[in-house]
Amino acid sequence: MRRTEVGTLALVIAALGAPFAPCAAQVQAIPPRHVAPSFDCAKARPGSIDQVICKDRELAILDRTMGLDYERAKLQTPPVEAANLLREQREFIANRNKCMKRREDRQACIAFAYESRIARLGEWIDRSAWMGE
């Protein structure tokens, strides 16, 4: 992804509102060269969703952002709610992986899955996911 595309992505995310603000900050803060997702791309199997993420700068940024937010959410979540957070994370992964069947809009589907998950993790981080606020 070129630098202008990263700027455009940041503007789009910023325009979507507060739930995406952490993602916008990540897009602007990452150097323009290589961006690694939250996992080791050397271990990605050919044809896997991991490989698709590794080859796409935007998806790698979203994956890294989601990974950091998931770790923050785990720290904010009381033990009694931890199983629900883990269940949601597993559901996210299963739904994200369904995007591999969508050849024409695969990248957009994966990006949307990440953006939705990042927004939901924001609710876990601010505790509204389990406090009912």
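Select Arg-117 and show what surrounds it. Setting aside neighbours within four places in sequence, Arg-117 is in contact (heavy atoms within 4.5 Å) with Met-66, Tyr-70, Leu-85, Glu-88, Gln-89 and Phe-92. Arg-117 sits in helix α6. Helices here are DSSP runs of H or I with at least four residues, strands are runs of E with at least two, and both are numbered from the N terminus. Arg-117 counts as buried because its relative accessibility is 5%. Buried means under 20% relative accessible area, exposed means over 50%, and partly exposed lies in between, with a 1.4 Å probe and protein chains only.

A word on the model before moving on. This is a predicted model, where local features need pLDDT of at least 70, side-chain atom pairs count only at pLDDT 80 or more, and totals for chains, interfaces and linings use all residues. Residues are numbered from 1 along each chain as its sequence is written, and side-chain values use heavy atoms, leaving out hydrogens and water.

Next, select Gln-89. Gln-89 belongs to helix α5. At 8% relative accessibility, Gln-89 counts as buried too. Beyond its neighbours within four places in sequence, Gln-89 is in contact with Met-66, Tyr-70, Arg-117 and Leu-121. Tyr-70 and Gln-89 are 19 residues apart along the chain, with 8.3 Å between their C-alpha atoms.

Now colour residues 82-97 (α5) and residues 106-125 (α6). These two helices pack at an angle of about 170°, and their axes are 10 Å apart. That makes α5 roughly antiparallel to α6, a label for angles over 145 degrees. The axes are lines fitted to C-alpha atoms over the stretch in contact, and angles run from 0 to 180 degrees between N-to-C directions.

Show the side chains where the helices meet. From α5, pick Asn-84, Leu-85, Glu-88, Gln-89, Phe-92 and Arg-96. From α6, pick Ile-110, Ala-113, Tyr-114, Arg-117, Arg-120, Leu-121 and Trp-124.

Stay on α6. The helix has 20 residues and reaches 28 Å from first C-alpha to last, close to the 28 Å expected at 1.5 Å a residue; the expected span is 1.5 Å times one less than the number of residues. Its buried residues include Cys-109, Ala-111, Glu-115 and Ile-118. Step past the end of α6 to Arg-127, where phi is positive, near 75°.

Finally, zoom out. The protein has seven helices and zero strands. Buried residues make up 37% of its 133 residues.

Methods. Angles under 35 degrees count as roughly parallel, over 145 as roughly antiparallel, 65 to 115 as roughly perpendicular and the rest as oblique.
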